[in-house]
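Hi,

Here is the structure I promised to pass on. Have a look first, and my notes follow below.

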Amino acid sequence: MKLRIFFALFCLLLGGCFKTAPSELHLALGNPSKATNSPSNSDNYLMIKPQYVLSYNKSKGTANWVSWQLNQSWLGKVDRQNDFRPDMTLPKDWDKVVPTDYTNSGFDRGHIAPSGDRTRNIEDNSSTFLMVNMMPQEPDVNRGLWSDLESYCRSLVTREGKELYIIAGPEGSIKTIGKNRVVVPQFNWKIIVILDQPGSGVRGVKTNTRAIAVKVPNSPSVKGTNWRQYRVSIDRIEQETGYDFLSLVPKSIQDEIEKKIDNK
Ligand code: MN
Ligand code: MN
């Protein structure tokens, strides 16, 4: 009897050892701005959640980037929780962006990691409604081609069994909104690396691995257009943001993937 309890405990411990930490899971391809979790690094502050990882920018009131894995295991049947709220895990003395900062601004509270990518349980879905995962997005972008691209990503997972590593964020500044002066970006960018073999992680990235990068103006001018026309190279987004994406991918493979523009 005692032996059986010991065995159960041993298995539990062993399982814990093999479970990948969220930082490794969502940052499998790298930490593009070398964000750290030191509060003194307030404009490149690393936040690790089970559902996604991000670099927060206190001056901007938004993330610099949010990074997340997407495969079949994240998808289920949970409804949108719609519980937009400040992230109380930010350092205690920092002002927290609140949902009402966006009210009457003309901009949507645009998810960076989409609600639809986290539907296996209520907790996961709810985590996407934290304000640190929002950027002020033009409604024509958020509800139009940006949403289409999010659905396209999920279709790669559900129809083709792919595993995606996605990273997205705001770039530039048009103005600020709300009492916490949240910066409205000029562009929204996103990089999607598409792996054939779920679970392969960074080792699954080869020179012929498909990657999609887009840079979309955060402007009503995009109304009625398709996300495909905003495709750019990863190199271009690296130049404009100053980040190094795919930094854990061997340099020769990284260079090859980053110079291409997806045309599928
Ligand atoms: Mn959205
Ligand atoms: Mn790179």
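The manganese ion (ligand 2) is held by Glu238 (OE), Asp244 (OD), Phe245 (O), Gln254 (OE1) and Glu258 (OE), at 2.2 to 2.3 Å. Donors here are N, O and S atoms within 2.8 Å of the metal (3.2 Å for Na, K and Ca), and since water is not among the atoms, sites may look incomplete. Along the chain, the donors of this ion follow the spacing E-x5-D-F-x8-Q-x3-E.

Please keep in mind that this is a predicted model: local features need pLDDT of at least 70, side-chain atom pairs count only at pLDDT 80 or more, and totals for chains, interfaces and linings use all residues. Residues are numbered from 1 along each chain as its sequence is written, chains are lettered from A and ligands numbered from 1 in the order in which they are written, and side-chain values use heavy atoms, with hydrogens and water left out.

Phe245 and Gln254 are both buried (under 20% relative accessible area; exposed is over 50%, partly exposed in between, with a 1.4 Å probe and protein chains only). Gln254 belongs to helix H6 (residues 251-259), where Ile253, Gln254, Ile257 and Glu258 are buried. These four lie on the same side of H6, because they cover an arc of only 120° around the axis, taken from the directions from the helix axis to the C-beta atoms. Lys251, Ser252 and Lys259 are exposed on the face turned away from that buried side. Helices (H or I, at least four residues) and strands (E, at least two) are DSSP runs, numbered from the N terminus.

What covers the buried residues of H6? Strand S10 (210-217) and helix H5 (234-241) are included in the cover, with contact meaning heavy atoms within 4.5 Å.

Six strands form an open, antiparallel sheet in the order S1-S2-S3-S6-S9-S10; two strands pair if DSSP finds at least two bridges between them. S1 (45-48) and S10 each have a single partner strand, so these edge strands are left with one side lacking a neighbour in the sheet. Even so, seven of the eight residues of S10 are buried.

Within the sheet, S6 (residues 163-171) and S9 (residues 187-195) pair in the antiparallel sense over nine bridges, and Ala168 has Lys190 in S9 as its bridge partner. S9 is also joined to S10, antiparallel, by eight bridges, with Ile192 partnered by Ile212 in S10.

Happy browsing!
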